[in-house]
Amino acid sequence: MLFLKIDHWLIRLLKTSLRIARPERIGRLIGCLLGIMICSCTDAIAQVRPQTGALLPLSITILYFDQSSPALRPGVKTTLDSLAQVLVEQPALIATVTGYTDTIGKRELNLALAEHRAKAVGGYLAQRGVRKDQIIANWEGSDKKATTTDSEGVNTIGRRVVVQLLPKEQ
């Protein structure tokens, strides 16, 4: 089960924006605001051993990026600073960092961009004192979509890196 913390100021901003935005831009606006809302918090879920024996993540954080860019947004850096602090204080945890892209453009370029995004996040965590053996970087490109719908708002949430905090396997 995943819980999102949605700040009241973001809801007010969304409502105001929907009143003044042109209809053709509403999808993109909602995608951007959704990205801000999810990026601003770390979503914690309980550690459970499912029937497969694998551990579920202790937390999942979704970080959003601008189109065709691996550059970290300022809000993303704040979130990563919090994650880095947790990882430094708890060396028994690892961070699995997985990069994704939207479906716009060639698959090969998207895969390279997803790699750069994942490595940018992993590099930032390492700069903040996280040991390199606590960071596992993966990338999927646009192969695993955020949803099945193709629109600009959905493409916005496809430009992401997912960070999962997991206990190290014993």
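Good morning. I begin with one side chain: a polar atom of Gln-134 lies 3.0 Å from the backbone oxygen of Leu-87.

The model is predicted, so local features need pLDDT of at least 70 and side-chain atom pairs count only at pLDDT 80 or more, while totals for chains, interfaces and linings use all residues. Residues are numbered from 1 along each chain as its sequence is written, and side-chain values use heavy atoms, with hydrogens and water left out.

The protein chain has five helices and five strands, in the order α-α-β-β-α-β-α-β-α-β along the sequence. Here helices (H or I, at least four residues) and strands (E, at least two) are DSSP runs, numbered from the N terminus. Gln-134 belongs to the loop between α4 (107–127) and β4 (135–141).

Is Gln-134 buried or exposed? Its relative accessible area is 1%, so Gln-134 is buried; buried means under 20% relative accessible area, exposed over 50%, and partly exposed in between (1.4 Å probe, protein chains only). Setting aside neighbours within four places in sequence, Gln-134 is in contact with Leu-87, Gln-90, Pro-91, Leu-93, Ile-94, Ala-95 and Lys-168, where contact means heavy atoms within 4.5 Å.

For the chain as a whole, 39% of the 170 residues are buried. Of the contacts between residues at least 6 apart in sequence, 73% join residues at least 24 apart.

I turn now to charged pairs. How many salt bridges does the structure hold? There are six, each defined as a side-chain nitrogen of Lys or Arg within 4 Å of a carboxyl oxygen of Asp or Glu.

Lys-168, already listed as a contact of Gln-134, forms a salt bridge with Asp-133 (3.7 Å, N to O). Lys-168 lies in the segment after β5 and Asp-133 in the loop between α4 and β4, so this pair ties together parts 35 residues apart in sequence. Lys-168 is partly exposed at 22% relative accessible area, and Asp-133 is partly exposed at 47%. Salt bridges with shared partners join Arg-131, Asp-133 and Lys-168 into one network.

The loop between α4 and β4 also holds Arg-128, whose partner Asp-81 sits in helix α3 (residues 74–89), 47 residues away. Arg-128 counts as partly exposed at 41% relative accessibility, as does Asp-81 at 33%.

A further salt bridge joins Asp-102 and Arg-159, with the closest N and O atoms 2.5 Å apart. Asp-102 lies in the loop between β3 (93–100) and α4, and Arg-159 in the loop between α5 (152–158) and β5 (160–167), so the pair ties together parts that are 57 residues apart in sequence. Asp-102 and Arg-159 are both buried.

Finally, the charged end of Arg-160 sits over the ring of Tyr-100, 3.9 Å from its centre; the criterion is NZ of Lys or CZ of Arg within 6 Å of the ring centre and within 35 degrees of the ring normal. Thank you.

Methods:
A polar contact is a pair of N or O atoms within 3.5 Å; within protein, one must be able to donate a hydrogen and the other to accept it, and residues adjacent in sequence count only if both atoms are side-chain atoms.
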